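Subject: Structure handover

Hello,

Here is the structure for you to take over. Please open it first, then read my notes below.

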Amino acid sequence: MTAEESPEAVARALQHALVGDDLPDSFTLLGREWSLHRGVFPSTLSAATEVMASMVPYPKGGSFLEVGCGTGVIAVTAALHGCAFVTALDINEKAVANTAANVERHGVSDRVRVLHSDMYAALEPTERFDTIFWNVPWTYVEEDFPLSTDLHSAVFDPGYQGQARYLAGAAEHLADGGRLLLGTADLGDRERLDALAEEAGMRVELLDRVRRIEEVRVMEYRMFELHAK
């Protein structure tokens with residue numbers, strides 16, 4: 001979503017992603033071909049997936065957890081970049097199937113598992129990861145904003161409740177010395193994020209940022225790392 005677009009305009013774009021007959025069933029990103037299932041947020045609708053996949057500091061030889069895996073580009077890339085064990089979570093069952101298809105397509109089934117999960121719910125309490133990452137739905141809307149389709153949760157985070165849950169639950173699944181990462185953009189509400197981090201006993205550090213020319217404006221994508229105070 002850009003500064004010039006309303007939630008209603010974005011909702012129309014999401015509806016197209018759900019039922020549009022003209023959408024392809026595959027796309028090219030990061031020099032690879034990926035499967036795209038209908039009802040999953042297209043990873044080429046903006047540059048976010050490509051930029052985040054390139055910015056994430058993958059723990060080579062370690063474990064990586066992605067919340068909100070979508071088409072699976074980042075989870076698969078993590079495995080291809082040397083992560084020994086990758087877990088990909090998504091609340092959208094269609095995204096889970098799409099990620100599983102791309103895991104199989106790129107030959108990393110021995111290193112990547114995909115789970116249908118509302119945030120961390122599908123994980124065992126004892127599971128710990130060297131890095132946890134979420135390319136968050138950074139568009140702030142009020143808490144009563146209706147998420148009328150599965151795809152709405154990929155773009156809108158009413159009241160930033162999702163990000164609050166992400167920060168609050170991460171400590172239970174971070175390994176000792178593990179890294180908690182959050183991908184967002186300049187359209188995100190940094191003040192709200194800082195307040196949520198404060199409530200969770202964390203501080204926010206800007207790890208990296210990349211500016212890309214989008215269709216309507218120049219977007220600045222940002223990678224944050226959360227640290228315990």
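Start with strands β9 (residues 174–185) and β11 (residues 218–228). They run antiparallel and are joined by six bridges. Within this pair, Leu181 stands opposite Glu225 in β11. Helix α5 (residues 161–170) packs on the sheet. Helix α5 touches β3 (63–67), β6, β9, β10 and β11, and its direction makes about 165° with that of β9. Helix α6 (residues 190–199) lies across β9, β10 and β11. Its run is at about 150° to β10.

Please keep in mind that this is a predicted model.

Now the sheet itself. Seven strands form an open sheet with mixed pairing, in the order β5-β4-β3-β6-β9-β11-β10. Strands β5 and β10 (202–213) are the edges, and each pairs on one side only. From one strand to the next, the twist averages 20°.

You will find Ser117 in the loop between β5 (112–116) and β6 (129–135). Is Ser117 buried or exposed? Its relative accessible area is 6%, under the 20% cut-off, so Ser117 counts as buried. The Ser117 side chain reaches the backbone oxygen of Met119 at 2.7 Å. Leaving out residues up to four places away in sequence, Ser117 touches Leu89, Asp90, Ile91 and Ala122.

Last, the whole chain. The protein chain has six helices and eleven strands. Of its 229 residues, 49% are buried. The chain exposes about 10,500 Å², with 48% supplied by carbon and sulfur atoms. Among contacts with a separation of 6 or more, 63% join residues 24 or more positions apart.

Best wishes

Key
Residues numbered from 1 in each chain as written. Predicted model: local features only at pLDDT ≥ 70, side-chain atom pairs only at ≥ 80, totals over all residues. Heavy atoms only, no water. Helix = DSSP H or I, 4+ residues; strand = E, 2+ residues; numbered from the N terminus. Buried < 20%, exposed > 50% of the residue type's maximum accessible area, 1.4 Å probe, protein only. Contact = heavy atoms within 4.5 Å. Areas by Shrake-Rupley, 256 points an atom, 1.4 Å probe, with all protein chains shown as cover. Polar contact = N/O pair within 3.5 Å; in protein donor to acceptor, adjacent residues only side chain to side chain. Pairing = 2+ DSSP bridges. Axes fitted to C-alpha atoms, helices over the stretch in contact; angles between N-to-C directions.
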